[in-house]
Amino acid sequence: MKKNLILVLALLLVIGSLAGCGGATPTEETPTEVKIGINYELSGAVASYGEASVNGILMAFDEINAAGGVNGMQIVPVKLDNKSDAAEATSLATRLMVQEGVVAVLGPATSGNYMATIPVATENQIPIISASATADKGVTVDAAGKVNDFVFRLCFNDSFQGVTMANFASNNLSAKNAVIIQDKSSDYAEGLAKNFVTTFEASGGTIVAQEGYVGKDKDFNAILTSIRNKDFDVIFLPGYYQEAGLVIKQARDLGITAPILGADGFDSPVLLELAGAKALNDVYFSNHYSSLDQDPMVQNFIKAYTEKYGVEPNAFNALGYDLGMYVADAIKRAGSVDPVAIKDALADTQGFAGVTGTFSMGADHNPIKSIVVIGLKDGVQTTSVKVDPK
Amino acid sequence: MDQFLQQMVNGISLGSIYALIALGYTMVYGIIKLINFAHGDVYMIGAYIGFAATTYANLGFFPALIISMLACAALGVLVEKIAYKPLRNSSRIAVLITAIGVSLLLEYVMMFFVGAEVRSYPELLTDKAFHIGEVIINMQQIYIVVTAIALMILLQFIVHKTKTGKAMRAVSIDKDAAELMGIRVDRTISFTFAIGSAFAGAAGVLVGIYYNSIDPLMGIMPGLKAFVAAVFGGIGSIPGAMIGGLSIGILETLVSGYGNSMYRDAAVFAFLIIILILKPSGLLGKNTREKV
């Protein structure tokens, strides 16, 4: 019993001294390091997105630190795993901001988890930035239409992809008539379809048929047969790779050869497994980045990334890398480690050159950046076209 | 017309799969009056066994089909022995709830081991297609329909021409009387589970090849629709399950082809409600007054 008491006392002492450390206010002298929080999905359902982003971020930080850091300070990443869970993401954001004393938090990767951390950022007046939260609603602008001051992202949103693919269909493929087969069970596909229709019709095109399916469906033969005899030039297929792969396979099996367009939900190696190489011809999708981009900056990134991690980078790696560079750039321009000054610098960004494109931060905290349309031939990415925002 | 014929091809391929699953429902119901809700998940496990056999052991279509059928038969018997047999004399609702529990157990144990992401089969059957006018029939569809018909003929033979089949029919009519006549009731019930589950396993492999996408929750929807098919055909009736399966497949295809694809599932379940109101015993069911 006595032993336990001593242990408890000792523990109290330790906690007390730790609290003392935490309470010490930073002195006036210039700090030698700056802490940046990393709040990502490192395990759980979307761990592959989180891990890929973090690899890119850490690579950017390593490069910056090796080159002398930002304003003479070394970047210290504080990396935590939110387990792909929104509640966990919220509590980690609080922990990073309140306990760890970070100046900005990067992540999470998916819109839902990222949105869960917005109130924490607003309350603590510390900026959060995501590289891949593409949801149209509720991210940088709240439900009332007011911009969330401390919330940024450096990817385009879903509806922009719908607009781009519609322009791609009418300008690059000279399509006049389109069929839409959309995932009715996701907001993502809904937003894409809506914007595709508006843009495509505005440029003189006609939507011949609009069919829907529900996530996890496997049989699309009936809807494909019903559109087969219609007169159309392209199929727009907003949705995720799990169903898109099967739709493409069944469409090609039924003899439908029209080009099939989609968005970044196609970007997975599983698409190839499900559809098979033979079906993946004349398939185009919009993405954040393409490894076929001949820009020297992109090619250097690919080379450096492949040397460091032994695999070719995907879009999430590239977005993560840009995110790391972007936050460091903002700290540099802010000239201080005050989160509010960093927030202002993030919002002021003009012409930031990243591997996923050059962008300026818009007034609504969405970047104005170009998009890449990737073309597949026998399942391999063979063409890429950069489309600039209008 | 071409379009209609093509839709019939689609509907019959889909319906054959429902029919194979529905057979398991109907046989089990016929013999112990249990709606075995875990049946759709046996089908899912059959798909995964076929996946393992073809991907890791590099087996062809027929060996994979047979391995999957045998493994599912064993699984069906195991489930029956562990979960249902101890409840043989309990109330029907207790067994029904147990069946739902077994269903969830199979789904999430499988998800724990194989993960939630979809997997795809290697290319096993040639995807050669036959063009008859504008109608396209591919080899996989032919395999599905032929396998389904062959298995159903085999089942009719077992039930009507063999001693075990006779025992099955006897147990189904009157369990106690059958026991008094010296029929080993427990063994007959196990055998029924084995056959029903083997058919579900076969359906799993066929679906894996045809759609090229399997996941741990793939059994839920087809399981429910096969249940509707079994009720439509007259639960307990084997030819009824075949007719029911094909009808549901065709109904679903026509609704999405000519109506709205979003109402496809709703149409199937609305159909179930209509049957239960108008003809609860189904097309070929015996007209007994019994509550399920």
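This is a predicted model: local features need pLDDT of at least 70, side-chain atom pairs count only at pLDDT 80 or more; totals for chains, interfaces and linings use all residues.
Within chain A, strand S1 (residues 33–40) and strand S2 (residues 74–81) run parallel. Eight bridges join the two strands. One bridge pairs Asn39(A) with Leu80(A) of S2(A).

Val337(A) sits in the loop between helix H12 (315–334) and helix H13 (339–347) of chain A. Val337(A) is buried because 21 other C-beta atoms lie within 10 Å, and the threshold for burial is 20 or more. Beyond its neighbours within four places in sequence, Val337(A) is in contact with Pro31(A), Val34(A), Val103(A) and Ile331(A). Val34(A) is 303 residues away from Val337(A) in sequence. In space, the C-alpha atoms of Val337(A) and Val34(A) are 7.3 Å apart.

Gly107(A) and Pro108(A) are joined by a cis peptide bond, with omega about -5°. Pro108(A) belongs to the loop between strand S3 (105–106) and helix H4 (111–116) of chain A. Ser84(A), which is not a glycine, has a positive phi near 60°. Ser84(A) is located in the loop between S2 and helix H3 (86–99) of chain A. Ser84(A) has 22 C-beta neighbours inside 10 Å and therefore counts as buried. Gln125(A) is also not a glycine, and its phi is positive at about 55°. The loop that holds Gln125(A) lies between helix H5 (118–124) and strand S4 (128–130) of chain A. Gln125(A) has 13 C-beta neighbours inside 10 Å, so it counts as partly exposed.

The contact between the chains involves 22 residues of chain A and 21 residues of chain B. On the chain B side, helix H1 (2–32), strand S2 (135–138) and helix H10 (238–258) each give two or more residues. H1(B) provides the largest share, five residues. By class, the side of chain B that touches chain A comprises 12 polar, eight nonpolar and one charged residues.

Methods. Residues are numbered from 1 along each chain as its sequence is written. Chains are lettered from A and ligands numbered from 1 in the order in which they are written. Two residues are in contact if their C-beta atoms, placed from the backbone, lie within 7 Å. Helices (H or I, at least four residues) and strands (E, at least two) are DSSP runs, numbered from the N terminus. Ala, Val, Leu, Ile, Met, Phe, Trp, Tyr, Cys and Pro count as nonpolar, Asp, Glu, Lys and Arg as charged, and the others, Gly among them, as polar. A residue is buried if 20 or more other C-beta atoms lie within 10 Å of its own, exposed if 12 or fewer, and partly exposed in between; C-beta atoms are placed from the backbone. Two strands pair if DSSP finds at least two bridges between them.
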